[in-house]
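Work through the following exercises with the sequence and the model at hand. Each task is followed by a solution in steps.

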Amino acid sequence: MKPDQVLRQHISSMGNIEEALRCVHENARFVAAFGEESDRHHFYGTYRGVEGVRTLLSKFARDLDPQEFEIRKVLADETSAFAWGRFKHRVRSTNRTFESCWAVVVEVQDGKIKYFRGFEDTGALEAAFRPN
C-alpha cells in the first residue's frame, strides 16, 4: 500500500486496536503531541514499537468517546503522508467535550507506519480533562 492508503487504513481502524496495530511497523515511533512524557497530560510522549503504540491506543480507548472525526485532506509521496482534519471527543472522566483541528505526519516503511507525529490543540485537551 502507498503511504496515504496506510494512513487512511490506520485512522479508519482506530476503533479496533488490533486492526490499527496491523498498520504499525515493529520499530515504530509514535509521538503524541510532545516527544517527552509530561505531567501536563498522560497521553504525551513517544511510544515505541507495536506494544508502545498499543499502550497509546489503549489510553485513547479508555479515556475518549469519539463523537465526530473528519479527514479534510491527505497528501503523500512515496514514503510519507500528511493529513489534517477535525474531531470531537467526549472525555469519559469529566463528560466534557474535547474538540480540535488535528494534523499528522507519517513515514511508511514496508507498508507500515514507522514514524507518526500527531498535532492537536493541547490546551483544549488539558482543559477537557481537568476536574471541576
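This is a predicted model: local features need pLDDT of at least 70, side-chain atom pairs count only at pLDDT 80 or more; totals for chains, interfaces and linings use all residues.

**Exercise 1. Strand pairing**

Task: Find which residue of β2 is the bridge partner of F30, and state the sense in which β1 and β2 pair.

Solution. Step 1: the partner of F30 in β2 is Y47. Step 2: strand β2 (residues 45-48) pairs with β1 in the antiparallel sense, over four bridges. Strands here are DSSP E runs of at least two residues and helices are H or I runs of at least four, numbered from the N terminus; two strands pair if DSSP finds at least two bridges between them. Step 3: β1 (residues 24-32) is also joined to strand β6 (residues 112-120), by five bridges, and these two run parallel. V24 stands opposite I113 of β6.

Residues are numbered from 1 along each chain as its sequence is written, and side-chain values use heavy atoms, with hydrogens and water left out.

**Exercise 2. Aromatic pairs**

Task: State how many aromatic pairs a search of the whole structure finds, then classify F69 with W102 and F87 with F98.

Solution. Step 1: the search of the whole structure gives seven aromatic pairs. Rings of Phe, Tyr and Trp (its six-membered ring) pair if their centres lie within 6.5 Å; planes under 30 degrees apart count as stacked, over 60 as edge-to-face and the rest as tilted.

Step 1: the ring centres of F69 and W102 are 5.1 Å apart and the planes are at 20°, so this pair is stacked. F69 belongs to strand β3 (residues 64-76) and W102 to strand β5 (residues 97-109), so the pair ties together parts 33 residues apart in sequence.

Step 2: F87 and F98 are edge-to-face, with 5.0 Å centre to centre and 70° between the planes. F87 lies in strand β4 (residues 80-91) and F98 in β5, so this pair ties together parts that are eleven residues apart in sequence. Both F87 and F98 are buried.

Step 3: F43, F60 and F129 are linked into a cluster by ring pairs.

**Exercise 3. Cysteines**

Task: State how many disulfides a search of the whole structure finds, and whether C23 is buried or exposed.

Solution. Step 1: a disulfide is a pair of cysteine sulfur atoms within 2.5 Å, and the search of the whole structure finds zero. Step 2: C23 counts as buried, at 4% relative accessibility. C101, at 45%, counts as partly exposed.

**Exercise 4. Positive phi**

Task: Describe the phi values of A33 and D110, and locate both residues.

Solution. Step 1: A33 is a residue other than glycine, yet its phi is positive, near 70°. A33 sits in the loop between β1 and β2 and is buried at 16% relative accessibility. Step 2: D110, also not a glycine, has a positive phi of about 55°. D110 is in the loop between β5 and β6 and is exposed, with a relative accessible area of 65%.

Definitions and conventions
Buried means under 20% relative accessible area, exposed over 50%, partly exposed in between (1.4 Å probe, protein chains only).
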